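Here are my notes on the model you sent over, point by point. Have the structure open while you read.

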Amino acid sequence: MIGIQLFNEIGSIFRNTPTFALVLETLLLITVVWLLLHRRGGRRLTKEQQDYLIEQYQPEPLVGDTDPDHPLLRTRLVQSKVGKRVVVDGHDCLNLASHNYLGFLEDNEILEEACKSLRKYGVGSCGPRGFYGTMDVHLDLEDRLAKFMGLEEAIVYSYGFSTVASAIPAYAKRGDVIFVDEDVNFSIQKGLDASRSTIVYFKHNDAKDLERLLQEQEKRDLKNPKKAQKTRRFLVVEGIYMNTGELCPLPEIVALRKQYKLRLFVDETISFGTLGSNGRGITEHFNVDRDEIDLISAGMEGSMATIGGFCVGSHFIAEHQRLSGLGYIFSASLPPMLTQAAISALDRFEREPQIFEQLQALSRLVHKQFKSFSKLQLRGDELSPVKHLYVAEARDSFETESKLLTKVADKCIEQGVAVIEAAYLQDKEHKPVRPSLRIAVNRLLTTDEVLTAFKIIESVSSEVL
(Lines give C-alpha, C1' and ligand atoms only; values in the text may rest on other atoms or scores of the structure.)
Protein backbone atom coordinates (compact mmCIF):
# COMPACT_ATOMS: atom_id res chain seq x y z
CA MET A 1 0.00 0.00 0.00
CA ILE A 2 2.83 2.42 0.85
CA GLY A 3 4.57 1.65 -2.47
CA ILE A 4 1.35 2.27 -4.44
CA GLN A 5 0.75 5.55 -2.58
CA LEU A 6 4.34 6.72 -3.24
CA PHE A 7 4.01 5.77 -6.93
CA ASN A 8 0.77 7.82 -7.19
CA GLU A 9 2.40 10.84 -5.55
CA ILE A 10 5.37 10.72 -7.94
CA GLY A 11 2.98 10.44 -10.86
CA SER A 12 1.04 13.44 -9.59
CA ILE A 13 4.27 15.46 -9.36
CA PHE A 14 5.18 14.62 -12.96
CA ARG A 15 1.68 15.49 -14.20
CA ASN A 16 1.72 18.89 -12.44
CA THR A 17 5.29 19.84 -13.46
CA PRO A 18 5.65 21.87 -16.68
CA THR A 19 7.31 20.01 -19.57
CA PHE A 20 10.13 22.55 -19.93
CA ALA A 21 11.07 22.03 -16.24
CA LEU A 22 11.24 18.25 -16.69
CA VAL A 23 13.40 18.63 -19.81
CA LEU A 24 15.72 21.06 -18.04
CA GLU A 25 16.13 18.81 -15.02
CA THR A 26 16.85 15.81 -17.26
CA LEU A 27 19.53 17.73 -19.15
CA LEU A 28 21.14 18.85 -15.91
CA LEU A 29 21.19 15.27 -14.62
CA ILE A 30 22.80 14.01 -17.84
CA THR A 31 25.41 16.83 -17.64
CA VAL A 32 26.32 15.97 -14.05
CA VAL A 33 26.68 12.24 -14.87
CA TRP A 34 28.82 13.03 -17.93
CA LEU A 35 31.12 15.31 -15.92
CA LEU A 36 31.57 12.65 -13.22
CA LEU A 37 32.40 9.96 -15.77
CA HIS A 38 34.68 12.28 -17.75
CA ARG A 39 36.63 13.26 -14.66
CA ARG A 40 37.08 9.64 -13.62
CA GLY A 41 38.25 8.68 -17.08
CA GLY A 42 40.95 11.39 -17.31
CA ARG A 43 44.60 10.40 -17.72
CA ARG A 44 46.49 10.41 -14.44
CA LEU A 45 50.04 11.79 -14.34
CA THR A 46 52.89 9.67 -13.12
CA LYS A 47 54.89 10.70 -10.05
CA GLU A 48 57.81 11.70 -12.30
CA GLN A 49 55.56 13.88 -14.48
CA GLN A 50 54.08 15.59 -11.42
CA ASP A 51 57.53 16.30 -9.99
CA TYR A 52 58.68 17.70 -13.34
CA LEU A 53 55.69 20.07 -13.65
CA ILE A 54 56.16 21.30 -10.08
CA GLU A 55 59.86 21.90 -10.70
CA GLN A 56 59.17 23.89 -13.89
CA TYR A 57 56.41 26.03 -12.36
CA GLN A 58 57.25 29.73 -12.17
CA PRO A 59 54.72 31.83 -10.21
CA GLU A 60 53.73 35.16 -11.69
CA PRO A 61 55.46 38.03 -9.80
CA LEU A 62 53.35 39.87 -7.24
CA VAL A 63 54.46 43.19 -8.77
CA GLY A 64 55.67 43.58 -12.35
CA ASP A 65 58.93 45.22 -13.35
CA THR A 66 58.99 48.94 -12.53
CA ASP A 67 60.90 51.52 -14.53
CA PRO A 68 63.45 52.95 -12.06
CA ASP A 69 63.40 56.22 -14.01
CA HIS A 70 59.61 56.64 -13.76
CA PRO A 71 58.92 60.34 -13.00
CA LEU A 72 56.60 59.50 -10.10
CA LEU A 73 59.48 57.68 -8.35
CA ARG A 74 61.72 60.73 -8.56
CA THR A 75 61.66 62.72 -5.34
CA ARG A 76 62.63 66.33 -4.76
CA LEU A 77 63.58 66.87 -1.14
CA VAL A 78 61.90 69.76 0.70
CA GLN A 79 64.05 71.02 3.59
CA SER A 80 62.03 73.88 4.99
CA LYS A 81 58.57 75.05 5.92
CA VAL A 82 56.41 75.29 2.80
CA GLY A 83 55.13 78.78 2.05
CA LYS A 84 55.73 81.52 -0.47
CA ARG A 85 59.35 80.42 -0.35
CA VAL A 86 60.62 76.86 0.05
CA VAL A 87 64.00 75.13 0.16
CA VAL A 88 64.13 72.32 -2.42
CA ASP A 89 67.22 70.10 -2.74
CA GLY A 90 69.20 72.79 -0.92
CA HIS A 91 67.99 75.69 -3.13
CA ASP A 92 65.97 78.54 -1.63
CA CYS A 93 63.15 79.06 -4.14
CA LEU A 94 60.12 81.19 -4.85
CA ASN A 95 57.29 78.65 -4.63
CA LEU A 96 55.06 78.34 -7.72
CA ALA A 97 54.36 74.64 -7.15
CA SER A 98 52.29 74.34 -3.93
CA HIS A 99 48.51 74.80 -4.11
CA ASN A 100 48.62 77.39 -1.33
CA TYR A 101 46.41 79.87 -3.18
CA LEU A 102 45.62 82.23 -0.31
CA GLY A 103 48.94 81.87 1.49
CA PHE A 104 47.36 80.38 4.62
CA LEU A 105 50.15 77.81 5.09
CA GLU A 106 52.26 80.49 6.77
CA ASP A 107 49.44 82.41 8.47
CA ASN A 108 50.38 82.81 12.14
CA GLU A 109 46.79 83.18 13.37
CA ILE A 110 45.71 79.90 11.77
CA LEU A 111 48.84 78.14 13.03
CA GLU A 112 48.22 79.32 16.60
CA GLU A 113 44.58 78.18 16.57
CA ALA A 114 45.66 74.77 15.23
CA CYS A 115 48.25 74.46 18.02
CA LYS A 116 45.61 75.25 20.66
CA SER A 117 43.46 72.48 19.24
CA LEU A 118 46.43 70.10 19.33
CA ARG A 119 46.95 70.80 23.03
CA LYS A 120 43.26 70.18 23.76
CA TYR A 121 42.53 67.07 21.63
CA GLY A 122 45.91 65.54 20.89
CA VAL A 123 47.06 64.38 17.48
CA GLY A 124 43.97 62.48 16.33
CA SER A 125 41.20 60.05 17.13
CA CYS A 126 42.65 56.92 15.51
CA GLY A 127 39.10 55.92 14.60
CA PRO A 128 36.43 56.59 11.95
CA ARG A 129 33.63 59.08 12.44
CA GLY A 130 31.00 56.41 13.10
CA PHE A 131 32.84 55.07 16.17
CA TYR A 132 34.96 57.29 18.43
CA GLY A 133 36.21 59.61 15.70
CA THR A 134 33.61 62.39 15.85
CA MET A 135 34.68 65.39 17.94
CA ASP A 136 32.93 68.70 18.44
CA VAL A 137 35.29 70.47 16.03
CA HIS A 138 34.15 68.16 13.20
CA LEU A 139 30.53 69.08 13.82
CA ASP A 140 31.45 72.77 14.07
CA LEU A 141 33.25 72.65 10.73
CA GLU A 142 30.35 70.88 9.01
CA ASP A 143 27.91 73.43 10.40
CA ARG A 144 30.13 76.33 9.33
CA LEU A 145 30.60 74.97 5.80
CA ALA A 146 26.85 74.48 5.32
CA LYS A 147 26.11 78.03 6.50
CA PHE A 148 28.93 79.51 4.42
CA MET A 149 27.59 77.86 1.27
CA GLY A 150 23.96 78.59 2.16
CA LEU A 151 22.90 74.93 2.02
CA GLU A 152 21.33 72.52 4.50
CA GLU A 153 24.18 70.27 5.53
CA ALA A 154 27.83 69.36 4.95
CA ILE A 155 29.90 66.22 5.50
CA VAL A 156 33.68 66.31 6.05
CA TYR A 157 36.07 63.65 4.76
CA SER A 158 39.60 63.00 6.02
CA TYR A 159 41.30 63.00 2.62
CA GLY A 160 40.66 65.27 -0.35
CA PHE A 161 41.13 62.59 -3.02
CA SER A 162 38.62 60.23 -1.42
CA THR A 163 35.90 62.88 -1.11
CA VAL A 164 34.49 62.95 -4.64
CA ALA A 165 35.80 59.41 -5.30
CA SER A 166 33.48 58.22 -2.47
CA ALA A 167 30.57 60.58 -3.12
CA ILE A 168 29.94 59.49 -6.72
CA PRO A 169 29.53 55.72 -6.05
CA ALA A 170 27.45 56.50 -2.95
CA TYR A 171 24.65 57.51 -5.35
CA ALA A 172 25.41 56.20 -8.86
CA LYS A 173 25.19 52.43 -9.28
CA ARG A 174 25.24 49.78 -11.98
CA GLY A 175 22.62 50.58 -14.62
CA ASP A 176 22.82 54.35 -14.13
CA VAL A 177 24.27 56.70 -16.77
CA ILE A 178 26.84 59.37 -15.91
CA PHE A 179 27.73 62.16 -18.36
CA VAL A 180 31.22 63.47 -17.62
CA ASP A 181 33.61 66.05 -19.02
CA GLU A 182 36.50 64.16 -20.62
CA ASP A 183 39.15 66.20 -18.72
CA VAL A 184 37.98 65.55 -15.16
CA ASN A 185 40.65 64.88 -12.55
CA PHE A 186 41.84 61.44 -11.48
CA SER A 187 39.86 61.28 -8.23
CA ILE A 188 36.62 61.77 -10.18
CA GLN A 189 37.69 59.03 -12.59
CA LYS A 190 38.21 56.63 -9.68
CA GLY A 191 34.76 57.48 -8.38
CA LEU A 192 33.30 56.69 -11.80
CA ASP A 193 35.09 53.33 -11.84
CA ALA A 194 33.74 52.46 -8.40
CA SER A 195 30.16 53.33 -9.41
CA ARG A 196 30.13 50.67 -12.18
CA SER A 197 27.70 52.93 -14.04
CA THR A 198 27.65 53.52 -17.79
CA ILE A 199 30.03 56.44 -18.37
CA VAL A 200 29.52 58.82 -21.30
CA TYR A 201 32.27 61.40 -21.82
CA PHE A 202 31.62 64.68 -23.64
CA LYS A 203 34.23 67.02 -25.12
CA HIS A 204 35.93 69.31 -22.64
CA ASN A 205 33.77 72.33 -21.78
CA ASP A 206 31.62 71.70 -24.87
CA ALA A 207 27.95 72.11 -23.91
CA LYS A 208 26.85 71.43 -27.49
CA ASP A 209 28.56 68.04 -27.51
CA LEU A 210 26.93 67.26 -24.16
CA GLU A 211 23.52 68.20 -25.57
CA ARG A 212 24.11 65.93 -28.57
CA LEU A 213 24.85 62.99 -26.25
CA LEU A 214 21.80 63.77 -24.12
CA GLN A 215 19.61 63.78 -27.22
CA GLU A 216 20.99 60.38 -28.20
CA GLN A 217 20.21 59.07 -24.72
CA GLU A 218 16.69 60.48 -25.02
CA LYS A 219 16.16 58.50 -28.24
CA ARG A 220 17.36 55.30 -26.56
CA ASP A 221 14.97 55.96 -23.69
CA LEU A 222 12.03 56.27 -26.08
CA LYS A 223 12.83 52.86 -27.56
CA ASN A 224 12.88 51.22 -24.14
CA PRO A 225 10.60 53.21 -21.77
CA LYS A 226 10.59 50.48 -19.07
CA LYS A 227 14.37 50.61 -18.76
CA ALA A 228 14.32 54.43 -18.95
CA GLN A 229 12.06 54.60 -15.89
CA LYS A 230 14.66 52.74 -13.82
CA THR A 231 17.75 54.51 -15.21
CA ARG A 232 19.07 57.47 -13.26
CA ARG A 233 21.16 60.08 -15.06
CA PHE A 234 24.02 62.06 -13.54
CA LEU A 235 26.24 64.89 -14.78
CA VAL A 236 29.72 65.46 -13.29
CA VAL A 237 31.93 68.51 -13.89
CA GLU A 238 34.65 70.55 -12.13
CA GLY A 239 34.40 74.24 -11.22
CA ILE A 240 38.00 74.78 -12.36
CA TYR A 241 39.58 71.79 -14.05
CA MET A 242 42.80 70.61 -12.43
CA ASN A 243 44.08 69.18 -15.72
CA THR A 244 43.50 72.33 -17.80
CA GLY A 245 43.04 75.29 -15.44
CA GLU A 246 39.86 76.25 -17.30
CA LEU A 247 36.47 77.26 -15.85
CA CYS A 248 33.37 75.16 -16.31
CA PRO A 249 30.57 76.91 -18.34
CA LEU A 250 28.20 76.37 -15.40
CA PRO A 251 25.15 78.36 -16.64
CA GLU A 252 24.98 76.23 -19.82
CA ILE A 253 25.50 73.05 -17.80
CA VAL A 254 22.67 73.97 -15.39
CA ALA A 255 20.33 74.74 -18.31
CA LEU A 256 20.94 71.27 -19.75
CA ARG A 257 20.48 69.70 -16.33
CA LYS A 258 17.04 71.29 -16.08
CA GLN A 259 16.02 70.34 -19.61
CA TYR A 260 17.09 66.69 -19.44
CA LYS A 261 16.38 66.06 -15.72
CA LEU A 262 19.92 65.23 -14.62
CA ARG A 263 21.45 65.06 -11.15
CA LEU A 264 24.39 67.50 -11.18
CA PHE A 265 27.62 67.02 -9.18
CA VAL A 266 30.23 69.82 -9.22
CA ASP A 267 33.73 69.33 -7.81
CA GLU A 268 35.06 72.69 -6.58
CA THR A 269 38.44 71.59 -5.28
CA ILE A 270 40.17 74.54 -7.01
CA SER A 271 37.30 77.00 -7.40
CA PHE A 272 36.23 76.94 -3.73
CA GLY A 273 38.02 79.76 -1.91
CA THR A 274 39.32 81.27 -5.15
CA LEU A 275 36.33 82.36 -7.27
CA GLY A 276 33.53 84.74 -6.40
CA SER A 277 33.56 87.93 -4.35
CA ASN A 278 33.33 85.88 -1.13
CA GLY A 279 35.18 82.73 -2.21
CA ARG A 280 32.06 80.56 -2.55
CA GLY A 281 33.27 79.20 -5.86
CA ILE A 282 31.97 78.77 -9.38
CA THR A 283 28.31 79.22 -8.36
CA GLU A 284 29.03 82.65 -6.89
CA HIS A 285 31.21 83.58 -9.86
CA PHE A 286 28.38 82.91 -12.33
CA ASN A 287 25.60 83.88 -9.87
CA VAL A 288 24.02 80.44 -10.15
CA ASP A 289 21.60 79.32 -7.44
CA ARG A 290 23.34 76.53 -5.48
CA ASP A 291 20.01 74.74 -5.11
CA GLU A 292 20.34 73.94 -8.83
CA ILE A 293 23.26 71.64 -7.99
CA ASP A 294 22.61 68.35 -6.23
CA LEU A 295 26.07 67.96 -4.72
CA ILE A 296 29.06 70.29 -4.36
CA SER A 297 32.34 68.71 -3.29
CA ALA A 298 35.75 70.25 -2.65
CA GLY A 299 39.14 69.39 -1.25
CA MET A 300 40.39 71.57 1.60
CA GLU A 301 44.02 71.08 0.59
CA GLY A 302 44.21 74.21 -1.58
CA SER A 303 42.66 77.48 -0.50
CA MET A 304 42.05 76.31 3.09
CA ALA A 305 45.67 75.11 3.53
CA THR A 306 44.78 71.96 5.48
CA ILE A 307 43.83 68.42 4.45
CA GLY A 308 40.55 66.62 3.87
CA GLY A 309 37.51 67.52 1.85
CA PHE A 310 33.77 68.10 2.14
CA CYS A 311 30.47 67.65 0.36
CA VAL A 312 27.61 70.07 0.82
CA GLY A 313 23.98 69.99 -0.27
CA SER A 314 20.61 68.95 1.12
CA HIS A 315 20.16 67.02 4.37
CA PHE A 316 19.62 63.82 2.35
CA ILE A 317 22.87 64.32 0.41
CA ALA A 318 24.96 64.48 3.59
CA GLU A 319 23.13 61.83 5.60
CA HIS A 320 23.22 59.28 2.81
CA GLN A 321 27.01 59.53 2.62
CA ARG A 322 27.33 58.86 6.33
CA LEU A 323 26.04 55.38 5.53
CA SER A 324 27.37 54.91 1.98
CA GLY A 325 30.47 57.10 1.52
CA LEU A 326 33.28 54.55 1.86
CA GLY A 327 35.99 57.17 2.37
CA TYR A 328 33.96 58.59 5.25
CA ILE A 329 32.97 55.28 6.87
CA PHE A 330 36.32 53.49 6.81
CA SER A 331 38.82 56.36 7.29
CA ALA A 332 40.07 57.69 10.60
CA SER A 333 38.54 61.11 11.19
CA LEU A 334 40.30 64.33 10.25
CA PRO A 335 42.85 65.30 12.97
CA PRO A 336 41.29 67.98 15.21
CA MET A 337 44.13 70.48 14.72
CA LEU A 338 43.65 70.33 10.93
CA THR A 339 39.89 70.59 11.39
CA GLN A 340 40.45 73.74 13.44
CA ALA A 341 42.75 75.08 10.70
CA ALA A 342 39.84 74.75 8.26
CA ILE A 343 37.49 76.58 10.68
CA SER A 344 40.07 79.36 11.09
CA ALA A 345 40.39 79.59 7.30
CA LEU A 346 36.60 80.04 7.07
CA ASP A 347 36.88 82.80 9.68
CA ARG A 348 39.31 84.57 7.40
CA PHE A 349 37.03 84.03 4.39
CA GLU A 350 34.20 85.82 6.18
CA ARG A 351 36.27 88.50 7.89
CA GLU A 352 38.51 89.48 4.96
CA PRO A 353 36.66 88.93 1.65
CA GLN A 354 39.18 91.21 -0.08
CA ILE A 355 41.65 88.31 -0.17
CA PHE A 356 39.69 86.77 -3.06
CA GLU A 357 39.92 89.93 -5.12
CA GLN A 358 43.67 90.04 -4.40
CA LEU A 359 44.13 86.44 -5.54
CA GLN A 360 42.09 86.99 -8.71
CA ALA A 361 44.06 90.16 -9.57
CA LEU A 362 47.33 88.28 -9.12
CA SER A 363 46.05 85.36 -11.22
CA ARG A 364 45.29 87.83 -14.01
CA LEU A 365 48.78 89.32 -13.70
CA VAL A 366 50.47 85.92 -13.87
CA HIS A 367 48.28 84.96 -16.83
CA LYS A 368 49.12 88.14 -18.74
CA GLN A 369 52.84 87.81 -18.07
CA PHE A 370 53.14 84.05 -18.68
CA LYS A 371 51.43 84.32 -22.08
CA SER A 372 54.68 85.87 -23.34
CA PHE A 373 56.93 82.80 -23.06
CA SER A 374 58.74 82.11 -26.31
CA LYS A 375 59.18 78.33 -25.92
CA LEU A 376 56.23 77.51 -23.65
CA GLN A 377 52.49 77.76 -24.25
CA LEU A 378 50.09 78.82 -21.49
CA ARG A 379 46.71 77.18 -20.85
CA GLY A 380 44.09 78.07 -18.27
CA ASP A 381 41.58 80.80 -17.45
CA GLU A 382 42.96 84.17 -16.37
CA LEU A 383 41.06 83.89 -13.05
CA SER A 384 42.27 80.38 -12.29
CA PRO A 385 45.10 80.03 -9.74
CA VAL A 386 46.11 76.83 -11.55
CA LYS A 387 47.73 77.20 -14.97
CA HIS A 388 49.63 74.86 -17.29
CA LEU A 389 52.73 75.48 -19.40
CA TYR A 390 53.25 73.17 -22.40
CA VAL A 391 56.11 72.86 -24.84
CA ALA A 392 55.14 75.29 -27.61
CA GLU A 393 56.48 73.06 -30.39
CA ALA A 394 55.06 69.60 -29.75
CA ARG A 395 57.56 66.73 -29.69
CA ASP A 396 57.08 63.23 -31.05
CA SER A 397 56.19 61.48 -27.77
CA PHE A 398 54.92 61.93 -24.23
CA GLU A 399 58.26 60.72 -22.82
CA THR A 400 60.29 63.26 -24.83
CA GLU A 401 58.18 66.22 -23.71
CA SER A 402 58.09 64.94 -20.13
CA LYS A 403 61.89 64.68 -19.91
CA LEU A 404 62.33 68.17 -21.38
CA LEU A 405 59.91 69.69 -18.86
CA THR A 406 61.58 67.82 -15.99
CA LYS A 407 64.88 69.33 -17.09
CA VAL A 408 63.30 72.79 -17.19
CA ALA A 409 61.89 72.30 -13.66
CA ASP A 410 65.28 71.12 -12.32
CA LYS A 411 67.13 74.11 -13.75
CA CYS A 412 64.47 76.54 -12.51
CA ILE A 413 64.89 75.16 -8.98
CA GLU A 414 68.65 75.62 -9.25
CA GLN A 415 68.06 79.26 -10.17
CA GLY A 416 65.55 79.92 -7.38
CA VAL A 417 62.05 79.25 -8.76
CA ALA A 418 60.22 76.08 -7.70
CA VAL A 419 58.00 74.79 -10.49
CA ILE A 420 56.82 71.22 -10.94
CA GLU A 421 55.82 69.03 -13.84
CA ALA A 422 52.25 67.76 -13.47
CA ALA A 423 52.27 64.06 -12.53
CA TYR A 424 49.86 61.60 -14.14
CA LEU A 425 49.39 57.83 -14.16
CA GLN A 426 49.38 57.98 -17.93
CA ASP A 427 48.26 54.39 -18.50
CA LYS A 428 45.38 54.82 -16.01
CA GLU A 429 43.94 58.13 -17.22
CA HIS A 430 40.74 58.12 -19.26
CA LYS A 431 42.49 59.95 -22.11
CA PRO A 432 46.17 60.71 -22.76
CA VAL A 433 47.27 63.84 -20.91
CA ARG A 434 49.93 66.03 -22.43
CA PRO A 435 52.93 66.75 -20.14
CA SER A 436 52.98 70.22 -18.63
CA LEU A 437 54.45 72.38 -15.89
CA ARG A 438 51.63 73.11 -13.44
CA ILE A 439 51.78 76.63 -11.99
CA ALA A 440 49.99 77.42 -8.71
CA VAL A 441 49.44 81.11 -7.92
CA ASN A 442 49.95 82.35 -4.35
CA ARG A 443 48.13 85.51 -3.21
CA LEU A 444 51.25 86.69 -1.35
CA LEU A 445 53.39 86.97 -4.50
CA THR A 446 54.43 90.50 -5.45
CA THR A 447 54.58 91.96 -8.95
CA ASP A 448 58.38 91.96 -8.83
CA GLU A 449 58.44 88.29 -7.81
CA VAL A 450 56.13 87.37 -10.69
CA LEU A 451 58.42 89.20 -13.14
CA THR A 452 61.49 87.51 -11.64
CA ALA A 453 59.87 84.09 -11.96
CA PHE A 454 58.94 84.85 -15.57
CA LYS A 455 62.51 85.85 -16.47
CA ILE A 456 64.04 82.73 -14.90
CA ILE A 457 61.52 80.33 -16.53
CA GLU A 458 61.94 82.12 -19.88
CA SER A 459 65.74 81.90 -19.69
CA VAL A 460 65.76 78.23 -18.68
CA SER A 461 63.10 77.12 -21.21
CA SER A 462 64.89 78.95 -24.03
CA GLU A 463 68.11 77.14 -23.09
CA VAL A 464 66.58 73.67 -22.74
CA LEU A 465 64.02 73.81 -25.57
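1. Start with Ala-305, which sits in the loop between S8 and strand S9 (309-313). Keep in mind that this is a predicted model. Phi of Ala-305 is near 55°, a positive value, and the residue is not a glycine. Most residues other than glycine have a negative phi. Is Ala-305 buried or exposed? With 18% relative accessibility, Ala-305 counts as buried, because the cut-off for buried is under 20%.

2. Asn-287 belongs to the loop between helix H12 (282-286) and S8. Its setting is an open one in terms of accessibility: at 72%, Asn-287 counts as exposed.

3. Now for the strand itself. Ile-296 is placed in strand S8, which covers residues 295-299. The relative accessible area of Ile-296 is 2%, so it is buried. Look across to Ala-167: the C-alpha atoms of Ile-296 and Ala-167 are separated by 9.9 Å, although the two residues are 129 apart along the chain.

4. Ala-167 brings us to helix H7. How many of the 12 residues of helix H7 (residues 160-171) are buried? The count is 11, so the helix is largely enclosed by the rest of the structure. Ala-167 is one of the buried residues, and others on that list include Gly-160, Ser-162, Thr-163, Pro-169 and Tyr-171.

5. On to the charged pairs. The whole structure has 32 salt bridges by the search that was run. I'd pick out Arg-348 and Asp-107, whose side chains meet in a salt bridge at 2.2 Å, N to O. This pair links distant parts of the chain: Arg-348 is in helix H15 (residues 336-351), while Asp-107 is in the loop between strand S2 (91-95) and helix H4 (108-121), 241 residues apart. Arg-348 and Asp-107 are both buried.

6. There is another bridge to check, between the side chains of Glu-109 and Arg-351, at 3.0 Å, N to O. Which parts does this pair tie together? Glu-109 lies in helix H4 and Arg-351 in helix H15, so the bridge ties together parts that are 242 residues apart in sequence. Glu-109 counts as partly exposed at 38% relative accessibility, and Arg-351 is partly exposed too, with a relative accessible area of 44%. Shared partners then join Asp-107, Glu-109, Arg-348, Arg-351 and Glu-352 into one network of salt bridges.

7. Lys-47 is exposed, with a relative accessible area of 53%, whereas Asp-51 is partly exposed at 37%.

8. Next, the positive surface. Which residues gather in a patch of positive charge there? They are Lys-219, Arg-220, Lys-223 and Lys-227. Helix H9 (residues 207-223) gives the largest share of this patch, with 3 residues. Lys-223 is placed in helix H9, and Lys-223 is exposed, with a relative accessible area of 76%.

9. A nonpolar patch also turns up on the surface. Val-23, Leu-27 and Ile-30 form it, and together they have about 280 Å² of accessible area. Ile-30 is placed in helix H2, which covers residues 19-40.

10. Last, the annotation. UniProt, in an unreviewed entry, places the feature "domain: Aminotransferase class I/classII large" at residues 92-443. How far apart do the end C-alpha atoms of residues 92-443 lie? They are 19 Å apart, and the span is 45% helix and 16% strand. Please treat the domain label as something that comes from the UniProt record.

Methods: Residues numbered from 1 in each chain as written. Predicted model: local features only at pLDDT ≥ 70, side-chain atom pairs only at ≥ 80, totals over all residues. Heavy atoms only, no water. Patch = residues over 30% accessible without salt bridge, like charges linked within 9 Å, V, L, I, M, F, W, Y side chains within 5 Å. Areas by Shrake-Rupley, 256 points an atom, 1.4 Å probe, with all protein chains shown as cover. Salt bridge = Lys/Arg side-chain N within 4 Å of Asp/Glu carboxyl O. Lys, Arg positive; Asp, Glu negative; His and termini not counted. Charge placed at Lys NZ, Arg CZ, Asp CG, Glu CD. Helix = DSSP H or I, 4+ residues; strand = E, 2+ residues; numbered from the N terminus. Buried < 20%, exposed > 50% of the residue type's maximum accessible area, 1.4 Å probe, protein only. UniProt positions renumbered as here; feature names shortened; annotations may be inferred.
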